[in-house]
Amino acid sequence: MNDVSNVLPAFYDENRFTSERAIACKKKEGLLLGLGNPLLDISAHVDYEFLKKYDLKSNNAILAEEKHKPYLYEELIDLYNAEFTAGGSVQNTLRVAQWFLQKPKIATYMGCVGKDKYSKILEDKATTDGLSTCYQYTDQEPTGTCAVLITGKERSLCANLAAANCFSPSHIEKPENKHLIDIAKYIYISGFFLTVSPESIQTVAKHAYENNKMFMMNLSAPFLCELFQKPMMAAFPYIDILFGNETEADAFAKMNGLNETDRRQIALKISEMEKVNVKRKRIVVITQGADNVILVKDGTVTEYPVTKLPEEKIVDTNAAGDAFVGGFFAQLIQGKSIDTCIKCGIWAATQIVQRSGCTYEGKPNFQS
């Protein structure tokens with residue numbers, strides 16, 4: 001088994017290597033690897049009647065059904081002055097991490113896209129933001145899209161995975177791509193990827209375990225806890241850090257019989273679930289919108305207050321969760337404390353919600 005403990009943050013290191021040793025390895029190309037569903041976001045402000053028309057709920061995320069394709073997306077483009085941005089949960093998170101790191105290609109992203117103009121747009125935007133893309137291309141489907149329906153300060157996501165749904169394990173088996181997995185020390189997937197390639201998730205999860213790397217996952221949406229419980233629980237024992245929001249945590253607790261409604265206790269019980277790598281305990285991070293962030297580490301529950309913004313400053317909460325994880329990762333891979341990781345995540349989310357979509361400008365001025 002390869003020993004990569006010298007690149008892990010001090011707060012994970014069972015041998016208590018100093019944080020200076022971790023920081024010495026910071027900002028290496030390919031250090032952070034993400035697998036997910038690359039999507040072109042189509043964002044627009046709509047009213048609640050529009051949500052009702054397509055049987056959608058605010059502050060929710062679903063996969064598109066036949067009743068949504070293609071009419072929902074066409075209507076947004078034709079009638080609602082929609083904006084286009086490079087999206088997909090994991091891709092957003094890695095873009096935000098790159099924003100903080102200010103050095104290109106620290107993060108590598110894998111996902112499947114179509115052979116069309118939209119995939120070129122996605123790649124151009126992602127690489128401009130410093131991300132190293134390793135897309136799998138298919139001619140079976142067009143590049144995936146996600147309708148981002150903004151009502152007031154809330155959003156409803158309806159994703160048509162299309163090409164993203166065609167990701168296959170063969171992509172990560174190619175020597176050049178396997179190399180990217182080998183050099184990564186931190187591997188991240190979204191719960192959304194459970195609907196696409198559970199086999200690929202198992203491959204990278206086992207690789208992380210066998211090489212003592214960090215494997216991290218996001219619950220991503222309540223429906224995944226309900227409808228994709230089997231692949232989720234297959235991946236669960238490998239998870240070193242789990243992220244989720246309040247509704248996802250509630251759904252997970254219900255589906256897995258945790259018999260708790262107190263989210264502090266839900267997070268604690270999640271941290272105690274089966275874990276194959278016993279060298280470090282699972283860390284659980286639950287965000288709750290404008291309420292405190294819940295952290296469980298080493299059996300201790302800690303809460304972090306979020307920054308309260310005036311209502312008029314909040315533009316779009318669409319990518320707040322993605323940005324939180326991106327800020328967290330930017331500090332994690334530099335060997336910073338868990339306290340700093342959480343605070344940077346909160347800072348990142350606070351910046352992103354003041355803009356439309358997962359966008360930012362200038363250099364971040366986060367102070368730990």
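A cavity is a set of grid points where a 1.4 Å probe fits but cannot get out. In this predicted model, the count comes to 1 cavity of 30 Å³ or more. The volume of the largest cavity is about 30 Å³. Its lining is formed by Ala205, Ala208, Tyr209, Lys213, Phe215, Tyr238, Asp240, Val276 and Asn277. By class, these lining residues comprise 6 nonpolar, 1 polar and 2 charged. Helix H8, which spans residues 198–210, gives the most to the lining, with 3 residues.

The protein chain as a whole contains 14 helices and 14 strands. Its radius of gyration is 19 Å, close to the 21 Å that the globule rule gives for 368 residues, so the chain is as compact as a globular protein of that length. Along the principal axes, the C-alpha atoms fill a box of roughly 60 × 45 × 45 Å. Of the 368 residues, 58% count as buried. Where contacts join residues at least 6 apart in sequence, 73% of them link residues at least 24 apart.

Glu75 was examined individually. This residue lies in helix H3, which covers residues 71–79. The relative accessible area of Glu75 is 15%, and the residue is therefore classed as buried, the cut-off being under 20%. A polar contact of 2.7 Å joins the side chain of Glu75 to the side chain of Tyr54. When residues up to four places away in sequence are not counted, Glu75 touches Phe50, Lys53, Tyr54 and Tyr80.

Notes: Residues are numbered from 1 along each chain as its sequence is written. This is a predicted model: local features need pLDDT of at least 70, side-chain atom pairs count only at pLDDT 80 or more; totals for chains, interfaces and linings use all residues. Side-chain values use heavy atoms; hydrogens and water are left out. On a 1 Å grid over the protein atoms alone, a cavity is a set of points where a 1.4 Å probe fits but cannot get out, and a pocket is an open set with protein on both sides within 12 Å along at least five of seven lines; lining residues have an atom within 4 Å of a point. Grid points are joined across faces, edges and corners, and a volume is the space filled by probe spheres set on the points. Helices (H or I, at least four residues) and strands (E, at least two) are DSSP runs, numbered from the N terminus. Ala, Val, Leu, Ile, Met, Phe, Trp, Tyr, Cys and Pro count as nonpolar, Asp, Glu, Lys and Arg as charged, and the others, Gly among them, as polar. Buried means under 20% relative accessible area, exposed over 50%, partly exposed in between (1.4 Å probe, protein chains only). A polar contact is a pair of N or O atoms within 3.5 Å; within protein, one must be able to donate a hydrogen and the other to accept it, and residues adjacent in sequence count only if both atoms are side-chain atoms. Contact means heavy atoms within 4.5 Å. The radius of gyration is taken over C-alpha atoms; the globule rule is 2.2 Å times the number of residues to the power 0.38.
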